[in-house]
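Open the model in your viewer and keep the sequence beside it. This tour tells you what to select and what is there.

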Amino acid sequence: MTPATERKAAAILADGRLTVVEVTAEVVRAVCCGSAGQPYRLGLDAAGWGCSCAARRECSHIRALKLVTVWNPRRPA
C-alpha cells in the first residue's frame with residue numbers, strides 16, 4: 001500500500017464518497033464516487049476484494065472500504 005493510496009482513501013472517506021450498501025456473512029458491497037464523479041462498484045465476496053475501476057493493484061476505493069469494514073468470516077462449527 002503506497003502513501004498516496006492511503007491519502008486518497010482518507011480523502012474518499014472525509015468527502016463522504018463511499019456508501020456501503022450491503023453487508024452479510026458472505027459479502028460486502030459498496031459504491032464509491034471517484035474523484036471525477038464516476039461511480040465504482042466494489043466489495044468483497046468469495047473471489048476476494050474487487051473494484052470496477054481500472055487499477056491493477058489494491059485501489060484507494062478498496063482501501064477506503066477496508067478502513068470502515070471489519071471482516072470476520074464465520075467459520076463452520
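We start with the whole chain and then move to single elements and residues.

**Whole chain.** Bear in mind that this is a predicted model. Show the cartoon and color by secondary structure. You will find two helices and four strands. Read from the N terminus, the order is α-β-β-β-β-α. The radius of gyration is 12 Å, close to the 11 Å that the globule rule gives for 77 residues, so the chain is as compact as a globular protein of that length. Along the principal axes, the C-alpha atoms fill a box of roughly 45 × 25 × 20 Å.

**Surface.** The area is about 5300 Å², and carbon and sulfur atoms account for 51% of that. Of the 77 residues, 29% are buried. Now color the charged side chains. There are 11 positive and 6 negative ones. The centres of these two sets lie 6 Å apart.

**Contacts.** Consider contacts with a separation of 6 or more. Residues 24 or more positions apart make 35% of them.

**Helix H2.** Select residues 60-67. Which residues of this helix are buried? They are Ser60, His61, Ile62, Ala64 and Leu65. Helix H1 (3-14) is one partner. The strands S1 (18-23), S2 (28-33), S3 (39-45) and S4 (48-51) are the others.

**Thr5.** Go to helix H1 and pick Thr5. Is Thr5 buried or exposed? Its relative accessibility is 14%, so Thr5 counts as buried. Leave out residues up to four places away in sequence, and Thr5 touches Glu58, Cys59, Ser60 and Arg63. Ser60 is also one of the buried residues of H2.

**Cysteines.** From Thr5, step across to its contact Cys59. Cys59 is buried, with a relative accessible area of 6%. Finish on Cys51. At 23% relative accessibility, Cys51 counts as partly exposed, whereas Cys59 is buried.

Conventions
Residues are numbered from 1 along each chain as its sequence is written. This is a predicted model: local features need pLDDT of at least 70, side-chain atom pairs count only at pLDDT 80 or more; totals for chains, interfaces and linings use all residues. Side-chain values use heavy atoms; hydrogens and water are left out. Buried means under 20% relative accessible area, exposed over 50%, partly exposed in between (1.4 Å probe, protein chains only). Contact means heavy atoms within 4.5 Å. The radius of gyration is taken over C-alpha atoms; the globule rule is 2.2 Å times the number of residues to the power 0.38. Accessible areas come from the Shrake-Rupley method with a 1.4 Å probe; for residues, only the protein chains shown count as cover. Lys and Arg count as positive and Asp and Glu as negative; His and the chain ends are not counted. The place of a charge is taken as NZ of Lys, CZ of Arg, CG of Asp or CD of Glu.
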